[in-house]
Amino acid sequence: MEPLILNAKTGRCEVTIGASSELIGRYIKGQKVVVITDSTIRKYHEDKFPKAEIIEITAGESSKTFDSIRILYEKFLELEVDRSSLIIGIGGGIICDIAGFVATTYMRGIHLGFIPTTLLAQVDASIGGKNGINLKGYKNLIGTVRQPEFVICDVDFLKTLPKEEITYGLAEVIKQAAIGDANLFDFIESHVDEILSLDKKIMERLIHDSMAVKLSIVELDEKETGERMKLNFGHTIGHAIEKTLGKPHGEAVAIGIVAESKISIAKGLMKKEDSERLQKVLESIGLLVDVQMNKEKIIDAIRKDKKRRGQIIKMPVLEGIGKSRIVEIGLKELEGAVNDLC
Ligand SMILES: NC(=O)c1ccc[n+]([C@@H]2O[C@H](COP(=O)([O-])OP(=O)(O)OC[C@H]3O[C@@H](n4cnc5c(N)ncnc54)[C@H](O)[C@@H]3O)[C@@H](O)[C@H]2O)c1
Ligand SMILES: [Zn+2]
């Protein structure tokens, strides 16, 4: 498969899909290489790692803190990492965020690449250049935008990933198809079984096309002043559900996708059948389990959304499957969508 190229203001990124142990040779030219990973990924996949110094961090959101970042900077000093060195994050979205942040800030930026190992990281977190760490419970409050030089997506990593993590990644794939690629959406609908059994060819096409949607959006709007907001489809209500019910991000986003698609219907932008297609495909991959929701709490969480300006939230809506635009939605309309849900 031809590499996808992202040419953005904060850098050029080459994205390839295939065997990482072969493809990585393109980027290693005798410089010092430092891999940042976690113990689970190392345990299952160290045979695929390039020859490098390895730094392990603890898996989990609790590692996205200044304390872990400081430890990494100190390790870099110990290992005599300099501006010619290459940092490779091998892991899920958390590793990508941490490796991206340290490589962008250490010495004001050193070489960086990713080998993402979760589906979510392959189609979402490893591309687009955003990185972030948390502060006092605020997610991704501190961070930068800077493109990695390369991303290599190897579907072989996904074999050891718990099934639910695959499903959560698929929620983002479905979102990306819904906002920007009707053909990808058709493809998902007609290959659910192959996707769930991680058929290599099908997964490679799925990841490629899903990334292509995100990359084309990021190329237009790297810093999220307009077009990039489309990637938040399903996330306004999704984040509120994640916060109030403590649901995993992917599950909450799946519910958010269906709920927010109803706003598109109410606005006369999308047919009811399209919203039903969204719901059906999410159900077919095992998402959208019925949940008891506290309407008031969800509405309260939406009111606290950082994107809210007075009574208005700027958010994406669908104009059918595969097409989206950014509109201003009144809080009342959003609350109506939550009411329909509960
Ligand atoms: N920067 C961005 O643009 C962006 C976008 C989306 C999400 N994110 C961030 O990504 C994070 C979530 O990422 P995630 O869903 O990949 O979770 P994760 O990074 O926490 O990984 C999930 C778990 O799976 C394990 N794991 C990873 N790969 C594995 C494999 N191949 N086999 C077995 N186990 C494996 C990890 O050890 C971890 O315990 C969040 O912190 C979120 O903020 C960032
Ligand atoms: Zn998401």
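Me: Which residues of strand 5 point one way, and which the other way?
Reply: Leu86, Ile88 and Ile90 point one way, while Ile87, Gly89 and Gly91 point the other way. All are buried. Buried means under 20% relative accessible area, exposed over 50%, and partly exposed in between, with a 1.4 Å probe and protein chains only. Strands (E, at least two residues) and helices (H or I, at least four) are DSSP runs, numbered from the N terminus.

Me: What kind of model is this, and what are the conventions?
Reply: The model is predicted: local features need pLDDT of at least 70, side-chain atom pairs count only at pLDDT 80 or more, and totals for chains, interfaces and linings use all residues. Residues are numbered from 1 along each chain as its sequence is written, chains are lettered from A and ligands numbered from 1 in the order in which they are written, and side-chain values use heavy atoms, without hydrogens and water.

Me: In what sense does strand 5 pair with strand 3 and with strand 6?
Reply: Two strands pair if DSSP finds at least two bridges between them. Strand 3 (residues 33-38) pairs with strand 5 in the parallel sense over four bridges. Val33 has Leu86 as its bridge partner. Strand 6 (residues 111-116) also pairs with strand 5 in the parallel sense, over six bridges. There, Leu86 is partnered by His111.

Me: Which protein donors hold the zinc ion (ligand 2)?
Reply: Donors are N, O and S atoms within 2.8 Å of the metal (3.2 Å for Na, K and Ca); water is not among the atoms, so sites may look incomplete. Here they are Glu172 (OE), His235 (NE2) and His249 (NE2), lying 2.1 Å from the ion. His235 lies in helix 10 and His249 in helix 11, so the pair ties together parts 14 residues apart in sequence. His235 counts as buried at 6% relative accessibility, and His249 as partly exposed at 24%.

Me: How many salt bridges does a search of the whole structure find?
Reply: A salt bridge is a side-chain nitrogen of Lys or Arg within 4 Å of a carboxyl oxygen of Asp or Glu. The search finds 26. One of them joins Asp186 and Arg277 (2.8 Å, N to O). Asp186 lies in helix 7 and Arg277 in helix 12, so this pair ties together parts 91 residues apart in sequence. Arg277 also meets Asp274 in a salt bridge (4.0 Å, N to O). Those two both lie in helix 12, three residues apart, about one turn of the helix.

Me: Which residues are linked in a network of salt bridges?
Reply: Glu61, Lys64, Asp97 and Lys139 are.
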